[in-house]
Amino acid sequence: MKKISNSTTQRILEAADIVEVVSDFVSLKRRGANWVGLCPFHNDRSPSFYVSKAKGVCKCFSCGEGGSAVGFIMKHEQLSYTEALRYLARKYNIEVEEREMSDEELRAESARENMMALNEFAMRFFEDYMTRNPEGRDIGLAYFRYRGISDAMIERFHLGFAPEGRDVLYKRAIERGYSEEYLISTGLCTRTDDGRVYDRFRGRVIYPVFTLSGKPVAFGGRTLRKDKSLAKYVNSPESEIYSKRRELYGLFQAKQAIAKEGKCIIVEGYMDVISMHQAGICNVVASSGTALTVEQVRLIKRFTSSVTLIYDADAAGIKAALRGLELLLQDGLDLKVLLLPEGEDPDSFAQSHSSSEVMEFIKANETDFITFMARILIDRAADDPANRARVINRIVRTIALIPNEITRSVYIQECSRILFISEDVLQREVGKAFNELALKSREDKMRAESLTSIPAEDNQVTDGERTQQSGGDASHSGHASRLRPYELALVCMVVRYGNYPFAEGVDEEGNSVPMTVLEYILDDLAADSISFVNADAALLMREAERLSRLSWDDDLHREQQRLMEIRDAAFREGVEQIRATATDVGSISALERSLTERIDAEYADGVKEFSTRYLARLLCSSQDDVVRNLAEDLVAERHILSKMHTKYARVDTEQDLLGDLVPRKLNELKSAIVATRILDTQNELKSSLSDPERVMALMQHLQELEAMRRSLAKLIGDRVISPIK
């Protein structure tokens with residue numbers, strides 16, 4: 001069985017323009033933001049077939065047919081999903097990469113789920129062993145307390161201890177029904193040449209590594225023995241669920257504080273993160289002693305563009321700081337560096353100072369990378385002209401990594417001031433270095449594309465799994481049809497605006513937390529333990545969550561790069577026009593400021609539009625028929641305002657009203673659920689008249705449900721919202 005690679009599918013979906021695709025079969029005319037024509041799926045006498053370029057979908061509001069570019073081709077040309085992709089690939093001259101799917105790949109999704117569940121079990125096992133077993137308390141818990149770690153931090157980071165025994169975890173996991181295969185593949189256990197199985201982390205304190213969503217995917221274990229033949233740290237190996245390039249220790253615990261503070265502090269080790277959090281500095285993550293990767297930088301950029309590197313003042317710390325500079329600058333982050341006093345590391349410094357003292361020290365001593373590099377490298381060069389020239393060249397090449405032209409210019413001015421070198425000379429050298437790096441980047445990309453093999457793909461949810469992945473037995477309870485309009489109303493918000501920046505929540509500590517529409521809905525439903533009872537709605541919601549977790553970061557980063565290239569080109573063109581027409585220096589400065597503000601606003605609007613359309617594009621092009629068809633129905637808008645109505649007044653769109661609509665639809669679902677529980681209680685009451693005690697209990701419960709419904713009614717208000725049919 002052959003399957004088109006995921007990377008090819010993504011390229012096809014990105015290239016396919018719904019207006020161009022439909023225009024091959026339908027004569028379209030522009031009508032406002034949309035296009036309209038005669039429906040090709042029925043005998044249409046007046047144009048009722050609408051095409052939305054922004055949403056990437058088409059819809060006939062007479063017969064109901066339509067869909068994404070893929071869906072339209074499937075229906076119009078009577079093609080399968082794969083055949084429709086091939087059709088679009090030919091249209092847009094995209095080379096199709098495909099390969100045979102192995103049985104192992106078909107089982108990959110199930111394997112991932114089992115491995116994640118096993119890691120969750122292991123984390124709880126390590127935690128319980130440290131807090132409830134005498135050995136764990138005497139060794140593991142005693143160590144953390146010796147290091148000054150509070151019980152609150154032990155719980156926050158789920159710290160634990162692995163027993164000294166050879167295979168204690170192994171035996172416990174097998175007893176609970178977990179497979180030896182997954183114990184080996186997750187790295188929790190190892191198998192010797194003679195076939196015996198050992199626990200990897202035995203006798204070590206445990207630091208779980210979490211994904212951004214809070215799932216344990218790996219562990220770090222530190223030995224407490226003084227035996228130098230033992231490795232101080234042992235870490236989980238790379239696996240199907242864990243890639244060290246894609247994880248940052250502490251990011252799950254720090255993401256809310258990073259967003260609130262607008263800054264991410266990067267340190268080196270586990271204890272550095274934990275002690276900083278304990279000191280009240282919670283926007284801290286660790287690279288865990290390895291060089292930063294592109295994937296880790298993209299994770300950080302999801303929450304902030306401002307980063308401070310904190311390292312020890314020794315030679316190793318300085319080397320690590322310099323190593324992390326280039327990657328952060330290349331991704332356009334606002335970068336500062338902080339070296340701690342001699343003999344201190346973030347762990348010891350946080351333990352010996354108050355929260356305010358740590359924050360004040362950071363604020364007073366963090367420096368921009370030019371000042372840092374100049375102070376460290378120039379001091380080393382001393383009075384040797386050749387060494388000084390080499391250091392300056394290194395600084396020049398570092399500035400050349402910065403993608404933003406204005407930012408590069410500012411750093412060139414600063415470098416000129418610090419190093420006493422002509423700004424014109426630096427400008428020329430940075431320009432040369434920038435062009436060389438750009439050429440090398442293009443060559444490397446072309447070489448990589450020619451050598452890289454087809455990547456493994458994440459399995460998608462299949463039709464056969466729908467029953468197992470539905471809302472459970474509740475879907476057969478008789479209330480699915482009652483709740484369906486309300487569930488679909490929420491799913492509609494997710495399809496249309498899932499990754500749109502929506503609101504700021506508040507965690508238990510009162511910290512502000514940025515949330516997308518999807519995150520807000522999932523968080524609210526989870527808080528009340530609500531799951532959908534309609535299988536298709538539940539399936540689509542899970543697929544939206546999976547896609548956001550799987551590919552959102554990479555796709556957003558790629559779109560930001562594309563928009564930034566457009567922005568930079570527009571800026572250069574605008575500056576040339578301004579300098580060719582302006583009459584004085586004051587006018588040039590004012591016009592350039594106005595130009596910068598305008599193109600920055602266009603860039604921000606582009607990112608926001610991409611965030612809004614992202615899930616709709618993917619879900620409407622899903623291979624799963626249920627997901628695709630439901631998403632297509634929910635994306636399409638049935639009514640379009642006339643030109644006369646919009647000519648004289650601004651009309652609030654659904655997107656403008658999200659702040660009211662999303663909470664309202666959540667409360668309407670909750671109210672509907674309460675109504676079903678009232679019906680169930682009333683029915684039970686009728687059948688329990690012979691049991692006075694049971695009747696009293698049911699009456700009390702009925703009163704509580706009615707009070708709950710009245711409370712929800714107040715939140716919803718008097719306005720009637722027609723549910724989606």
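Glu-120, Arg-124 and Glu-127 form a linked network of salt bridges, a salt bridge being a side-chain nitrogen of Lys or Arg within 4 Å of a carboxyl oxygen of Asp or Glu. Helices (H or I, at least four residues) and strands (E, at least two) are DSSP runs, numbered from the N terminus.

Glu-120 counts as partly exposed because its relative accessibility is 26%, and Arg-124 is partly exposed too, at 39%. Here buried means under 20% relative accessible area, exposed over 50%, and partly exposed in between (1.4 Å probe, protein chains only).

Residues are numbered from 1 along each chain as its sequence is written, and side-chain values use heavy atoms, with hydrogens and water left out.

The pLDDT, which is the predictor's confidence in each residue from 0 to 100, averages 80 over the chain, and 83% of the residues score at least 70. Where pLDDT is low, the predicted coordinates should not be read in detail.

Side chains of opposite charge can pair when their charged atoms come close. A search of the whole structure finds 27 salt bridges. One of them joins the side chains of Lys-263 and Glu-366, at 2.9 Å from N to O. Lys-263 sits in the loop between helix 11 (251–261) and strand 14 (264–267), and Glu-366 in the loop between helix 16 (355–365) and strand 18 (367–368), so the pair ties together parts that are 103 residues apart in sequence. Both Lys-263 and Glu-366 are buried.

The side chains of Arg-694 and Glu-684 also meet in a salt bridge, with N to O at 2.4 Å. Arg-694 belongs to helix 28 (residues 692–716) and Glu-684 to helix 27 (residues 658–686), so this pair ties together parts that are ten residues apart in sequence. Arg-694 is partly exposed at 34% relative accessibility, and Glu-684 is partly exposed at 32%.

Strand 16 (residues 306–311) is largely enclosed by the rest of the structure, because six of its six residues are buried. Ser-306, Thr-308 and Ile-310 lie buried on one side, while Val-307, Leu-309 and Tyr-311 are buried on the other, so to the eye both faces are covered.

Strand 14 runs parallel to strand 16 and is joined to it by three bridges; two strands pair if DSSP finds at least two bridges between them. Cys-264 has Val-307 of strand 16 as its bridge partner. Strand 16 also pairs in the parallel sense with strand 17 (residues 334–339), over six bridges, with Leu-309 opposite Val-337.

Five strands make an open sheet in the order 2-3-4-5-6, with antiparallel pairing. Strand 2 (29–31) and strand 6 (66–68) are the edge strands, each pairing on one side only. Neighbouring strands are turned by 25° against each other on average, direction ignored; axes are lines fitted to C-alpha atoms, for helices over the stretch in contact, and angles run from 0 to 180 degrees between N-to-C directions.

Strand 2 and strand 3 (residues 34–37) run antiparallel and are joined by three bridges, and Lys-29 has Val-36 of strand 3 as its bridge partner. Helix 3 (residues 69–77) packs on the sheet, touching strand 4 (49–52), strand 5 (57–60) and strand 6, and its direction makes about 135° with that of strand 6.

Key:
Contact means heavy atoms within 4.5 Å.
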